[in-house]
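The sequence and structure come first.

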Amino acid sequence: MTSSAFHRTITLPAPVCAQAAQHLEHAVQRSIDGAATPWRAFRGADGDDVAFSVPVVEQAAGCLLVLAAESAQNLRPSALRALISVALHLRDAVEAVRRPPVTAGHW
């Protein structure tokens, strides 16, 4: 997973994109607000690593966390863990881009 502060994109591995697309499709089916835009972006991802804009990844992470909260009682524990894992992976990628760079300065 790499990112660029200049272009404000996040590059994600293809397996993460495929899992996100699958979970986002469920979010769209459950009419979770804002899920359609990231679902279309992740669904159209081709190749090994795919770059997405930071807002799309952030929106996807939020929608997946909402889906996890709404589905917690109905999903098997392993399916819920998989859903939360993808959501947190996306959220962590966004936070890594937004985190200020570490500089080696004097205390």
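Helix α4 holds both E95 and R91, which are four residues apart, about one turn of the helix. An α-helix has 3.6 residues a turn, so residues three or four places apart point the same way. In this predicted model, E95 and R91 form a salt bridge with their closest N and O atoms 3.6 Å apart. R91 is partly exposed at 35% relative accessible area, as are D92 at 36% and E95 at 40%.

The whole structure has four salt bridges, including these:

| Salt bridge | Closest N and O atoms |
|---|---|
| E95 and R91 | 3.6 Å |
| R30 and E70 | 4.0 Å |

R30 is partly exposed at 39% relative accessibility, and E70 is partly exposed at 41%.

Helix α3 also contains S71, which is buried at 5% relative accessibility. A polar atom of the S71 side chain lies 2.8 Å from the backbone oxygen of L67.

L65, in helix α3 (residues 54-71), is partly exposed at 34%. L65, I84 and L88 form a nonpolar surface patch with about 190 Å² of accessible area together.

In helix α2 (residues 36-43) the buried residues are P38, W39 and F42. Seen down the axis of α2, they fall within an arc of 105 degrees, so they line one face of the helix. The buried residues of α2 pack against β2, α1, β3, α3 and α4.

Conventions. Residues are numbered from 1 along each chain as its sequence is written. This is a predicted model: local features need pLDDT of at least 70, side-chain atom pairs count only at pLDDT 80 or more; totals for chains, interfaces and linings use all residues. Side-chain values use heavy atoms; hydrogens and water are left out. Patches are made of residues with over 30% relative accessible area and no salt bridge: like charges are joined within 9 Å, nonpolar side chains (Val, Leu, Ile, Met, Phe, Trp, Tyr) within 5 Å. Accessible areas come from the Shrake-Rupley method with a 1.4 Å probe; for residues, only the protein chains shown count as cover. A salt bridge is a side-chain nitrogen of Lys or Arg within 4 Å of a carboxyl oxygen of Asp or Glu. Helices (H or I, at least four residues) and strands (E, at least two) are DSSP runs, numbered from the N terminus. Buried means under 20% relative accessible area, exposed over 50%, partly exposed in between (1.4 Å probe, protein chains only). The arc is that of the directions from the helix axis to the C-beta atoms. Contact means heavy atoms within 4.5 Å. A polar contact is a pair of N or O atoms within 3.5 Å; within protein, one must be able to donate a hydrogen and the other to accept it, and residues adjacent in sequence count only if both atoms are side-chain atoms.
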